[in-house]
Amino acid sequence: MQGISLCQKYQDYFSIGAAVSEETIKAHGELLKYHFNSLTAENAMKFQTTNPKERVYDFRPADPIAGFAKENQMRLRGHTFVWHRQTPDWVFQEGGNPRDKQEVLGFLSDHIRTVGIYFRDKAYCWDVVNEAISDEPGEYLRDTLWRRALGDGYIETAFRTAREHLPDAQLFYNDYNTYQPEKREKICRLIRGLKERDVPIDGLGMQGHWGIGRPAIDEIRQTLDIYAGLGVRLQITELDISVYDHGDPRTDLTVPGPGMLDRQAEYYGKLFELFREYREQIDAVTFWGIADDATWLDQFPVQGRKDWPLLFDTQGRPKKAFDAVTNF
Ligand code: XIL
């Protein structure tokens, strides 16, 4: 590898991460080592993978990721203990009947303890709770099986349990659409509430599944200003910039359409200029993938629609967007 290294270019600003799997590490090992100094397991450290059955833990999918991070002196983010997705049914029900509160509470704390301790010397931070805020107007917390089983206090319980076993880890709340004014209010309410009750929370993760030109840079700036006042560390945890506008009917592109990559580069450039301004608050910017050959956006929000949301193309070569974020 030669040329500008992304993480070196940003070494005085924040760390630069990528979400990975064992396969994408194999495909892009050299690229990862050269440009990134932080990793997140895209799926391998989630509940359904690490704790597929009651009392059964499986760290085989995560081990190669944690190993690669360690060998290459990269940081590792833990993702994620408590989420309404990718969590197995056995946690909440047995033989079709809902479990009682004490049982679910036991599973929650067993999970956080076992997984947390396993990765204690490997992961420096954890998304303790992911996506717990509702997107519905007027509704505060999302209606999830965790909340149905444990009540609103499950968030607080998760953070306290995490701190009990991980005295040194940075504990994060992580969510998407964090720039939307109503959701932003709810996120502030959650974090302020936790801090008022001395619940150990260190950071807020803004996922960053965005698109070209949306949200507007000013909306993100306002959002960073508001969150900066909460007294928690900030990270961009899952950045990718879809090349599609809302309502773009095309689902069969095999290469990016005219102008898409130029607009993407321009937006990425402005975004990172903004992030650099907020370097005192932002500790890490993590991309949700490495290169455009493997991105979850090929299946979301439109199944089978190819997207090109990252800084490296399908061959792992730097895109215009890469030049835009490193040209300063
Ligand atoms: C996604 C993964 O990228 C996919 O491979 C998986 O099928 C579903 O989950 N918010 C999160 C991430 O916090 O864990 C999600 O990752 C993307 C949205």
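Buried here means under 20% relative accessible area, exposed means over 50%, and partly exposed lies in between (1.4 Å probe, protein chains only). Helices (H or I, at least four residues) and strands (E, at least two) are DSSP runs, numbered from the N terminus. The model is predicted, so local features need pLDDT of at least 70 and side-chain atom pairs count only at pLDDT 80 or more, while totals for chains, interfaces and linings use all residues. Residues are numbered from 1 along each chain as its sequence is written, and side-chain values use heavy atoms, with hydrogens and water left out.

**Stop one: strand β3**

Please select residues 75-82, which form strand β3. Seven of the eight residues in β3 are buried, leaving the strand mostly covered. Strand β2 (residues 38-41) runs parallel to β3, joined to it by three bridges. To see one of these up close, pick L39, whose bridge partner in β3 is L76. Then show strand β6 (residues 125-130), which is also parallel to β3 and has four bridges to it. Here V82 stands opposite V129 in β6.

**Stop two: helix α5**

Next, select residues 101-118, helix α5. Its 18 residues reach 26 Å from the first C-alpha to the last, close to the 26 Å expected at 1.5 Å a residue (the expected span is 1.5 Å times one less than the number of residues). Which residues of α5 are buried? Colour V104, F107, L108, H111, I112, V115 and G116 to see them. They lie on the same side of α5 because they cover an arc of only 135° around the axis, taking the directions from the helix axis to the C-beta atoms. Among the elements covering these buried residues are β3, β6 and α7 (154-165).

Show C7 and C125 together: neither is in a disulfide, and their sulfurs are 17 Å apart. A disulfide would need a pair of cysteine sulfur atoms within 2.5 Å, and the structure holds zero of them. C7 counts as buried at 9% relative accessibility, and C125 is buried at 0%.

**Last stop: the nonpolar core**

A nonpolar core is a set of buried Ala, Val, Leu, Ile, Met, Phe, Trp, Tyr and Cys residues joined through side-chain atoms within 4.5 Å. The largest one has 101 residues, and L239 and F272 have the most contacts inside it. Helix α10 (residues 260-277) gives the most to this core, with eight residues.

Conventions: Pairing = 2+ DSSP bridges. Contact = heavy atoms within 4.5 Å.
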